[in-house]
Amino acid sequence: MFTHSPEWAALGQHAERLRERHLTALFATDDQRFARLSRRLGDLVFDFSKQRIDKAAIDLLLAFARMRRLSQGIAALAGGEMLNFTEGRAAQHMALRSLDPVMVGGQNVLPEVATTRERMRSLVSALRSGGTRGASGQPIRHVVNIGIGGSDLGPRMAAHALGPLGRGDFRVSFVANLDPDELGSVLADATAAETLFIVASKTFTTQETLANAEAARAWLRVRLGSGVDLAPHFIAVSNNVAAARAFGVSDDRCLSLPEWVGGRYSMWSAIGLPIACAIGWEAFEQMLAGAREADQHFTSAPLEHNVPVLMGLLGLWNVNFLGCASHAVLPYCQRLADLPSYLQQLEMESNGKRIDRDGRPVPCDTAPVLWGGAGTVGQHAYHQLLYQGTATIPIDFIVPVGDDVPAQRMLVENALAQSAALMLGRDEHQSRAQLAAAGRVADEIDRLAPHLVCPGNQPSSTLLFPLLTPHAFGRLVALYEHKTFVQGWLWGINSFDQYGVELGKQMARALSGAGGGAPPDGSTAGLLESIARIRGTRRS
């Protein structure tokens, strides 16, 4: 077990030595701390000097990574080895943005990738130019992506993040929730003759996606007529061509997915078709180029200078040695408001595991709970807990610098102020001085001063880059992909399966009657009876 190794023990001992040291003390004893604990990747700055570490801790983390053969793991990932060991597949999402030959199972998969990419380009060009027409001959002006999980979160996030590249006369929407209100709100002002649906499901059996696709087809039939051929209004992204054809999608409108790409790593594949529809093909290619820059850095940079490696090591340090059970991602950019939701799936579905590659329990905690939202909105909500709550919560501040104009300057200043204030805190002496300066009398100062104290010492990293371009966006997402792999490798788990998710799906099918069994427990049985009574009361 790696937790019995000398490297792990040394990390634990050093964490104890650092535990009582405040970040302000670490800065006070090292005037070069920022220079030592920051890295660059192109025009991106990764500052981790506000993390509760020192150079010795970084050296120990790197020693642990070498003991865990992380460099070999990175090479295995890049080389197309079977790292998804439970499902017997490679995990070669990097091939989707590569320009060089990529081997998977002894075969170069680049021709397959290039063929799909060319089909995507052709479809996007026809859609955005008005060349694609619906059943009644009108140009398609509204594309609705129907998917869930990896078939929705990445494309939805990207389309929102790069929204300014869209066109006012061409709309792209997203539907994931089984709740009919989401599809209803998307179609409330839609014109059926101008609407096309992308049904994204690798197996074409995903319950939520197929239910929404059936509802979309029924909506089209009502508005276009029951005898109209609806095939011009559908594209499928799926490997189950037979099922897509049975649904009514023509073969030339069905795009496949490589088996060696998991859903949450798939926005670079045909799953990214709605992204390209929203931002245009050239911008989509720039997004791929940004991810490719991160790939090249990840696979070639030494561990000590490798940004996603350091991100992963810092996360492991915080979870396993500082006891941090959650992690906040705070993009100071409204267009990145969906990033925390995307990263929830990427990190928590990938690394929310308890069994290692040998089938044994992992001997330590794995993925933290990831959450967050766009700054500055969160400052007036959950930042209170960050300042005065009882938990240590590491934070990623993501800050596109933007143009030097008043509004953007204020946004960036808020981001920097939050990271500084959460680190520095405010002690009782400062609280008393602040109250005295406000003219409070001695009794009030005694009463209120403890309530103003903020301990500080909250660890954070900052990712800084000039503008949220397609290139910068692709690079950012790929960095988090690689961070996720690093942590999964170090913990010894498979970051590319999600068997836990299947249990809930199986239970839902059983409750629908498809399973043919009784309710699984007394609580569920009671709830089903209550639901029947509520519905019966409403009908009477």
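Let me begin with a definition: a residue is called buried under 20% relative accessible area, exposed over 50%, and partly exposed in between, with a 1.4 Å probe and protein chains only. By that rule Glu-118, at 40% relative accessibility, counts as partly exposed. What you see is a predicted model, in which local features need pLDDT of at least 70 and side-chain atom pairs count only at pLDDT 80 or more, while totals for chains, interfaces and linings use all residues. Residues are numbered from 1 along each chain as its sequence is written, and side-chain values use heavy atoms, with hydrogens and water left out.

I turn to the salt bridges. The term denotes a side-chain nitrogen of Lys or Arg within 4 Å of a carboxyl oxygen of Asp or Glu. In general, side chains of opposite charge can pair when their charged atoms come close. How many salt bridges does a search of the whole structure find? The total is 28.

One of them joins Glu-118 to Arg-121, with 2.6 Å between the closest N and O atoms. Both residues belong to helix α6 (residues 110-129), and because they are three residues apart there, about one helical turn separates them. Helices here are DSSP runs of H or I with at least four residues, strands are runs of E with at least two, and both are numbered from the N terminus. Arg-121 is partly exposed, at 32% relative accessibility.

A second pair is Asp-169 with Arg-167, where the closest N and O atoms lie 2.9 Å apart. Asp-169 is partly exposed at 44%, and Arg-167 is partly exposed at 31%.

Is Asp-358 buried or exposed? Its relative accessibility is 55%, so Asp-358 counts as exposed, whereas Arg-360, at 38%, is partly exposed.

Next, helix packing. Helix α12 (residues 281-300) packs against helix α19 (residues 470-491) at about 40 degrees, and their axes are 7 Å apart. The axes are lines fitted to C-alpha atoms, for helices over the stretch in contact, and the angles run from 0 to 180 degrees between N-to-C directions. Angles under 35 degrees count as roughly parallel, over 145 as roughly antiparallel, 65 to 115 as roughly perpendicular, and the rest as oblique; α12 and α19 are therefore oblique to each other.

I come now to the backbone. Most residues other than glycine have a negative phi, and most peptide bonds are trans. Arg-69, in the loop between α4 (55-67) and α5 (70-78), has a positive phi near 60 degrees. Phe-204 is not a glycine either, yet its phi is positive, at about 55 degrees. Where does Phe-204 lie? Its place is the loop between β7 (195-200) and α9 (207-224), and at 5% relative accessibility Phe-204 counts as buried.

Finally, the peptide bond from Gly-375 to Thr-376 is cis, with omega near 15 degrees. Thr-376 sits in the loop between β11 (369-372) and α15 (383-388). Thank you for your attention.
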